[in-house]
Amino acid sequence: MDFTYTLAIIGLPFITFLILGLLHNKLSHKLAGIIGSSSLGISFILSCITAYFYFFKYGKIDGAYQKIEAFNITWLQLTDQLHIDMGILLDPISVMMLMVVTTVSLMVHIYSTGYMHGETGFNRFFAFLSLFSFSMLGLVVATNLFQMYIFWELVGVSSFLLIGYYYEKPSAVAASKKAFITTRFADLGFLIGILLLSFYTGTFDFFELTKTNGHELAMTMPAGTSFLGLSIVSWALILIFMGGAGKSAMFPLHIWLPDAMEGPTPVSALIHAATMVVAGVYLVARLFPVYVLEAPDALTVVMWVGAFSALFAAIIACTQFDIKRVLAFSTMSQIGYMMLALGVSHYGDHEGLGFMASMFHLTTHAMFKALLFLGAGSIIHAVHSNSMLDMGGLKKYMPITFITFGIAWLAICGFPGLSGFFSKDEILAAAYHHNKVVFYIAVLVAGLTAFYMSRLFFSIFFGKTQHYHHTPHESPASMTIPLIILAIFATFAGYIPFHDLITSDGRPFEAHIDWAIAIPVTLLAFGGMALAFAFYFKPSTMPDKIAASLKGVYTTIYRKFYIDEVYLFVTQKILFNIVSQSIAWFDRHIIDATMDGFATVTNYASESIKELQSGQIQKYGFVFISGVFVFAFILIYVFVY
Amino acid sequence: MDILSLFVVVPILTMIGILFTKDLKGARMVSAIGMGIQLLMSFNLLFQYIAERKAGNTAEMVFTKSYVWFQSFNIHYDIGVDGIAVAMIMLTSIVVFAGVFSSWMTKELPREFFISLILLSSGVFGFFISLDMFTMFLFYELAVIPMYLLIGLWGSGNKEYSAMKLTLMLMGGSALLILGLLGIYFHSAPDGGQLTFNILEISKITIPHDTQMFFFPFLFVGFGVLGALFPFHTWSPDGHASAPTAVSMLHAGVLMKLGGYGCFRVAMFLLPDAAQEMGWLFLILTTVSVVYGAFGAIWQKDLKYINAYSSVSHCGLVIFALLMMNKTSMDGAILQMISHGLMTALFFALIGMIYGRTHTRNIFEMGGLMKVIPFISVVYVIAGLASLGLPGLSGFVAEMTIFVGSFQHADTFHRVCTILAASAIVITAVYILRVVGILLFGPVKNPEFNHLEDATWFEKVSMITLVVSIVIIGFAPLWLSEIIRDSLTPIVERLALAGN
């Protein structure tokens with residue numbers, strides 16, 4: 001089977017970007033919307049075809065899914081061994097990501113034609129959306145680490161451009177800058193990791209890097225060399241994971257994600273919930289055989305970072321009032337879940353349950369989180385505010401948003417039968433068999449998630465009805481149709497047999513719901529929902545009272561544990577004020593002054609000796625005669641004595 | 001007339017042509033035509049060069065010609081190019097072409113301005129085609145001296161001081177250079193034959209070790225001054241700040257590259273033992289350059305100062321990569337020269353356009369320009385992204401080639417330096433986004449700016465020429481990289497031999 005046509009999946013959004021970018025003054029908004037959405041539509045259809053052919057026709061050889069190289073060219077030859085290629089790699093996870101990215105992106109495109117209606121920058125917005133889609137698709141099909149890094153940077157810049165879409169708003173500009181620089185810092189780790197890994201392995205290629213012979217990596221990794229007790233491969237993979245942690249907003253590189261909510265809401269749905277932020281998870285999954293077989297220490301780091309981030313973000317989410325920020329922290333928490341799942345996974349068969357669960361959760365999360373964000377967008381569109389304090393009782397004004405948002409809410413809480421229930425259960429089961437501490441953290445997070453999502457849901461749709469300036473109304477069909485479609489996915493995505501399709505070694509295995517875990521956790525989630533119901537379904541003073549009684553703790557959590565302040569101190573006070581300022585001063589007043597000093601000394605010297613050439617005969621005569629005397633004196637002295 | 005000498009002759013004819021014009025209109029027309037021809041010729045040279053290589057010519061230099069110039073000292077007008085020189089000639093003609101369009105509205109003494117500008121460029125072209133060190137040095141001086149007049153007469157701000165400082169520092173470099181060149185010359189015939197200035201001939205012999213060690217610092221620092229080697233870079237911020245737009249473009253875009261080019265073509269190629277032994281010292285200096293320049297740029301508020309410090313950082317990376325002495329890193333160094341040349345020329349062109357409209361270069365007095373002059377602002381963002389190494393633009397290709405190449409070095413010390421230098425990609429992002437954020441985004445700060453006109457056609461010509469070049473290299477770097485790599489073979493082999 002020739003998969004070369006998959007080039008079009010990536011190529012179309014790029015061509016759309018060029019068309020919309022170069023002609024953005026000349027196209028009408030309507031036409032731009034149609035071009036953007038239809039090109040993504042074609043990409044979506046092609047992805048579906050690819051997925052069908054790959055999973056059900058040609059992907060499997062000897063009962064295991066293979067990596068297929070659909071296309072590959074050398075883009076830049078670096079050394080004799082190392083070269084950067086551009087290509088398309090099809091394997092279960094990349095095909096899955098193609099589906100996820102094109103689905104969400106298509107929904108967001110359609111949604112945006114309604115949401116961004118009448119904006120002056122409409123065409124620019126669609127151009128950037130296409131650029132993002134292109135970069136993200138290029139990232140997921142990368143055949144080698146460096147191609148991934150290239151598209152990794154490109155999604156970063158698309159994210160920067162879209163967060164700063166309202167460029168006249170200083171807060172949006174600051175947020176876009178923060179996002180770019182934080183992830184750039186993380187990418188430095190990624191780059192050094194690539195350099196280290198390629199130095200020892202002599203390749204960037206995923207085929208060679210992740211090829212296995214049963215339960216061993218085919219490639220021999222450098223043994224013996226170690227640094228601070230960890231092998232060099234572990235260091236390389238930890239550094240690579242640093243890049244992933246930056247993009248996926250893992251603690252402590254998460255600070256940009258809440259601020260990134262300054263971007264238009266469809267962007268938050270696409271980039272900062274469903275696709276780009278899971279790139280870190282995808283990166284670890286892509287190199288999973290190397291992690292699990294060669295660098296289990298690095299995988300342990302992944303696990304703890306994921307578990308801690310999941311808990312940390314869930315706690316903060318309970319106190320926030322900006323609905324998009326609640327969702328942002330929720331995203332961070334859920335991605336922590338996926339990381340954790342990878343961290344507890346082993347390789348092959350049922351041992352690789354965590355890997356499968358992580359990919360499963362990635363997919364279901366993309367659906368319900370995109371839905372939550374788009375629903376939030378619909379609400380913000382109606383209420384003109386992000387704060388849940390300005391909302392309440394919206395149920396009767398916005399029925400479609402209410403129902404679809406409700407489905408997503410139940411899905412993320414792990415309501416039995418909806419998608420989140422299945423994927424979360426697999427993660428918990430994987431954690432349970434690997435590490436009990438991580439398991440209990442994950443359970444706690446599940447309870448917290450149910451609480452803060454219910455808090456959000458009840459405060460928006462129930463609670464106290466506000467006196468709105470304009471009566472809120474349901475959004476237009478261009479916005480509600482994507483909501484309905486995503487709601488369908490969010491409901492049924494859990495029934496996809498992931499254990500047959502996407503596993504750590506490509507071979508299907510049997511997986512069942514572990515009721516011994518599922519039942520208590522579901523009950524805990526119901527408990528969280530009930531608590532939120534008691535606090536927020538009807539106007540209540542309880543939450544405020546509790547917050548007041550826990551004043552210090554509450555404020556600390558509300559201020560996100562002051563991590564932003566720490567960063568601000570390091571960057572602003574130390575790097576900017578102390579380091580940069582002193583370097584600038586040093587350059588002007590020491591180095592440059594030294595150079596000027598040479599000039600001054602030369603000048604001074606010539607000033608002081610120029611008197612010698614005054615042109616006065618008397619002076620010359622005096623010097624001459626004096627010289628003769630001195631000379632004569634020396635001669636006499638030498639010869640006579 | 002041979003294909004290479006034309007690169008010196010056409011500028012001279014253009015200068016003569018300008019003499020016959022009366023005013024700005026005539027002068028700029030003649031300059032544009034002359035430099036347009038120059039640009040076409042450089043494309044032609046590129047294709048001819050590729051064809052020559054395809055045809056199987058594996059000589060180190062092609063299109064060589066040699067004319068005796070000064071018999072008693074064996075000085076020749078020796079010319080010839082390899083892939084690197086071709087690439088540098090391409091760069092020069094693109095930047096000069098864009099520079100002419102950026103000076104379209106020069107009000108004062110336009111004829112004299114264009115003559116000086118083109119004189120400078122003919123020096124640069126001459127430098128790149130020369131194979132004889134003496135001729136090379138002559139062209140080098142020809143490029144440096146008009147700079148004094150261009151800054152002193154057409155500059156702005158504290159121009160006399162800056163012009164003097166720049167010229168004196170570069171002349172100081174030249175003084176070191178001539179000593180170094182003579183040092184090589186007098187040891188160019190160890191067996192007592194004819195002394196020579198010819199680079200290819202000298203490259204076939206081995207100069208005594210002690211002589212190499214003595215003269216290497218002269219040559220390396222001499223060229224390094226022009227390449228903004230820390231701590232000899234301080235002419236750059238002041239010089240650029242005072243120079244008129246086109247001069248900044250040419251100077252940062254092309255002239256600073258003579259430094260890097262000389263470093264490997266003369267200093268390292270002819271004195272390989274010394275390069276191997278003393279490389280570590282300069283490697284430290286360049287690593288400092290890279291990080292120090294980037295940090296220095298963060299604190300500046302004048303657009304030109306920001307760009308000048310950024311150049312210190314980027315040009316530091318050029319010499320840094322040269323000192324890694326393997327094919328990949330040196331390939332990256334040359335790509336970085338080209339990439340930096342294009343993007344810094346673009347930056348200075350843009351700064352000139354912005355200054356021409358707002359009459360300030362202080363970023364805090366501006367803001368929200370994206371809304372009023374979108375075309376210029378978008379190009380500014382593109383230039384910024386190229387500078388911070390975004391894939392798809394030239395900076396990324398160059399930097400990644402450098403980092404991967406440098407990291408292949410067998411020494412841990414060199415690899416640690418690579419990691420330190422790589423950290424500059426983060427600092428670069430900081431100062432670029434800071435400027436973009438303050439200058440272009442946010443609300444329009446000064447209400448008077450609401451009436452600014454966006455780019456005119458000649459400004460667009462200048463910008464588009466440079467942006468297209470940056471994008472082409474960024475998208476399809478392979479052909480350029482291969483041309484350069486193949487030409488690096490003799491240099492790398494000689495250095496490797498000295499290393500053993």
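Why is strand β4 (residues 83–90) of chain A largely enclosed by the rest of the structure? Six of the eight residues of β4(A) are buried, so the strand is largely enclosed; a residue is buried if 20 or more other C-beta atoms, placed from the backbone, lie within 10 Å of its own. This is a predicted model, in which local features need pLDDT of at least 70 and side-chain atom pairs count only at pLDDT 80 or more, while totals for chains, interfaces and linings use all residues. Residues are numbered from 1 along each chain as its sequence is written, and chains are lettered from A and ligands numbered from 1 in the order in which they are written.

**Chain A overall**

- Chain A has 25 helices and eight strands, taken as DSSP runs (helices H or I, at least four residues; strands E, at least two) numbered from the N terminus.
- Along the principal axes, the C-alpha atoms of chain A fill a box of roughly 120 × 65 × 55 Å.
- Of the 641 residues in chain A, 55% are buried.
- Among contacts in chain A between residues at least 6 apart in sequence, 80% join residues at least 24 apart; a contact requires C-beta atoms, placed from the backbone, within 7 Å.

**Strand pairing**

- β3(A) and β4(A) pair in the antiparallel sense over eight bridges, where pairing requires at least two DSSP bridges between the strands.
- The two strands form a hairpin with five residues between them, and A:N72 has A:G87 in β4(A) as its bridge partner.
- In chain B, β1 (residues 62–70) and β2 (residues 75–81) pair in the antiparallel sense over six bridges, with B:K65 opposite B:I79 in β2(B).
- Four residues lie between β1(B) and β2(B) in their hairpin, where B:N74 takes a positive phi near 60 degrees.

**Packing of α5(A) and α6(A)**

- α5(A) and α6(A) pack at an angle of about 170 degrees with their axes 8 Å apart; axes are lines fitted to C-alpha atoms over the stretch in contact, and angles run from 0 to 180 degrees between N-to-C directions.
- That angle makes α5(A) roughly antiparallel to α6(A), a term for angles over 145 degrees.
- Residues making the contact include A:W152 and A:F160 of α5(A) and A:F180 and A:F190 of α6(A).

**Interface of chains A and B**

- In all, 37 residues of chain A are in contact with 40 residues of chain B.
- The elements giving two or more residues to the chain A side are β3 (68–77), α5 (145–163), α6 (170–201) and α24 (563–609).
- α6(A) gives the most to that side, with twelve residues.

Conventions:
Contact = placed C-beta atoms within 7 Å. Parallel < 35°, antiparallel > 145°, perpendicular 65-115°, else oblique. Buried ≥ 20, exposed ≤ 12 C-beta atoms within 10 Å, placed from the backbone.
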